[in-house]
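Reader: I would like to learn how to read the packing in a model like this one. Could you walk me through it?

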Amino acid sequence: MGKVVVVQNVTLDGVMQAPGGADEDTRGGFPYGGWARPYADQVMAETMGKGMSEGGGMLFGRRTYEQFYGFWSKQTDGNPYTEVLNRRRKYVASRALAEPLPWENSSLLEGDAADAVATLKRDVEGDLIVLGSGELVRSLARAGLVDVYTLSIHPLTLGTGMKLFAEGEDAYGTLELVEAVPTTTDVIIATYRPTA
């Protein structure tokens with residue numbers, strides 16, 4: 001049986017929008033794209049890379065899938081993430097996309113995302129990694145399908161932007177800390193497991 005592992009960059013005030021680049025996600029006029037880039041270091045690369053090359057595959061929402069495909073499928077610089085992302089099985093939750101999906105090893109999840117992921121968890125071995133995909137993460141959390149959160153908590157606040165957990169929604173539950181790894185740039189990579 002598989003586990004759903006949410007891997008996110010977040011600020012101290014919970015923003016997850018556009019950590020990688022200025023044009024990554026400008027919805028709502030978000031002006032701070034690329035906020036996580038200055039904090040990358042070797043500790044983060046090694047820690048985050050541990051679970052990326054193993055297991056059942058990756059889960060994406062449409063927006064994150066299209067963004068990753070647009071960048072990673074075209075990289076030829078020998079970056080170790082390129083090979084991992086291209087080789088891994090990718091499952092995409094989307095009502096707008098249709099098969100065949102353009103990125104190698106990609107499959108479209110049929111029907112309701114939470115139902116499809118619940119079935120997928122029963123059918124695969126290893127971790128199903130969710131990168132970005134905020135709407136998908138929130139729907140999986142509401143359905144009780146997230147097994148682990150690995151959050152790279154960055155030492156800054158932005159005051160605006162989409163958050164990992166949306167305000168005004170019901171509580172998602174409590175978490176217990178499993179591991180915390182500090183980086184050389186003051187990021188804390190915290191791994192949490194939902195409690196019963």
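Author: Gladly! Keep in mind that this is a predicted model.

Reader: How should I read the buried residues of a helix?

Author: Start with the geometry: an α-helix has 3.6 residues a turn, so residues three or four places apart point the same way. In helix 2 (residues 62–72), the buried ones are T64, Y65, F68 and W72. These residues lie on the same side of helix 2 because they cover an arc of only 100° around the axis.

Reader: What covers the buried residues of helix 2?

Author: The cover includes strand 2 (57–61), helix 3 (80–87), strand 3 (90–93), strand 4 (106–109) and strand 5 (126–131).

Reader: Now a single residue, please. Is N86 buried or exposed?

Author: N86, which sits in helix 3, has a relative accessible area of 14%, so it counts as buried, the cut-off being under 20%.

Reader: And what does the side chain of N86 make a polar contact with?

Author: Its partner is the side chain of W103, at 2.6 Å. Leaving aside neighbours within four places in sequence, N86 is in contact with W72, S73, W103, E104 and N105. W72 is also one of the buried residues of helix 2.

Terms used. Residues numbered from 1 in each chain as written. Predicted model: local features only at pLDDT ≥ 70, side-chain atom pairs only at ≥ 80, totals over all residues. Heavy atoms only, no water. Buried < 20%, exposed > 50% of the residue type's maximum accessible area, 1.4 Å probe, protein only. Helix = DSSP H or I, 4+ residues; strand = E, 2+ residues; numbered from the N terminus. Arc of directions from axis to C-beta. Contact = heavy atoms within 4.5 Å. Polar contact = N/O pair within 3.5 Å; in protein donor to acceptor, adjacent residues only side chain to side chain.
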